[in-house]
Amino acid sequence: MAPDLREFVRDVPDFPKPGILFRDLTPLMRDPDGWQEVIRQLSAVCERLQPDLIVGIESRGFIVGTALATAVRLGFVPVRKPGKLPGQVTGVDYALEYGSDRLEIHSDALADGSKVLIIDDLLATGGTAAACAELVAAAGGELCGFGFVAELAALEGRRKLPEDQPVESLIIYS
């Protein structure tokens with residue numbers, strides 16, 4: 001029987017600031033059975049959606065995305081914060097609750113029109129994932145969906161994502 005992934009998630013109250021309940025996925029990553037189950041379930045998502053490439057969002061999306069890409073024998077493309085990638089980049093600016101941020105990808109990474117599955121550890125407010133979807137399109141890729149280990153449903157992050165795209169979350173906290 002498959003392990004219950006929630007058993008591996010640690011709740012950390014008042015982190016990073018008072019009133020926040022942080023869902024810490026590092027115990028899940030530390031446990032070989034739990035982590036294998038994450039990759040098995042995300043591999044099933046890949047089987048359904050048939051991406052050509054996995055795109056992972058800095059930084060924990062790199063951990064999940066590279067493990068998944070290796071398991072399903074696909075290439076991995078990192079989406080990074082500004083100034084981290086050498087060479088020509090395509091970028092997108094997006095709004096945060098207070099201020100703004102930017103994501104970048106190598107300009108040639110998706111130039112062939114590859115079908116892309118965006119992977120990250122957590123879907124919260126959805127702003128970063130939505131910006132990544134915009135970036136994939138700007139770089140010439142074709143989005144085929146999103147995959148997350150966990151989702152904080154009360155923050156309604158799905159509402160910011162393209163309605164026509166599947167969103168798969170392995171653990172949903174309401």
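Modeller: Let us begin with a definition: a charge sits over a ring if NZ of Lys or CZ of Arg is within 6 Å of the ring centre and within 35 degrees of the ring normal. Please bear in mind that this is a predicted model. R6 lies over the face of Y173, at 4.9 Å from the ring centre.

Colleague: Which ring does the charged end of R23 sit over?

Modeller: The charged end of R23 sits over the ring of Y173, 3.8 Å from its centre. The distance limit is within 6 Å.

Colleague: Why is the pair of F15 and F22 called edge-to-face?

Modeller: A pair of aromatic rings is described by the distance of the centres and the angle of the planes. Ring centres must lie within 6.5 Å, and planes over 60 degrees apart count as edge-to-face. For F15 and F22 the centres are 5.1 Å apart and the planes are at 85°, so the pair is edge-to-face.

Colleague: What makes F146 and F148 a stacked pair?

Modeller: Planes under 30 degrees apart count as stacked. The planes of F146 and F148 are at 10° and their ring centres are 6.2 Å apart, so this pair is stacked. By this rule, the count comes to 3 aromatic pairs.

Colleague: Is F146 called buried or exposed, and why?

Modeller: Buried means under 20% relative accessible area. F146 has 0% relative accessibility and therefore counts as buried. F148, at 1%, is therefore buried as well. F15, by contrast, is at 42% and counts as partly exposed, and F22 is partly exposed with a relative accessible area of 25%.

Colleague: How do you know that C46 is in no disulfide?

Modeller: A disulfide requires a pair of cysteine sulfur atoms within 2.5 Å, and a search of the whole structure finds 0 disulfides. For C46, the nearest cysteine sulfur is that of C144, 7.8 Å away. C46 is buried, with a relative accessible area of 5%. For C132, the nearest cysteine sulfur is also that of C144, 12 Å away, and C132 is in no disulfide. C132 counts as buried because its relative accessibility is 0%.

Colleague: Which residues does L155 touch, not counting residues up to four places away in sequence?

Modeller: L155 touches A124 and T125. L155 and A124 are 31 residues apart in sequence, and their C-alpha atoms are 5.8 Å apart in space.

Definitions and conventions. Residues numbered from 1 in each chain as written. Predicted model: local features only at pLDDT ≥ 70, side-chain atom pairs only at ≥ 80, totals over all residues. Heavy atoms only, no water. Buried < 20%, exposed > 50% of the residue type's maximum accessible area, 1.4 Å probe, protein only. Contact = heavy atoms within 4.5 Å. Phe/Tyr/Trp six-rings, centres within 6.5 Å; stacked < 30°, edge-to-face > 60°.
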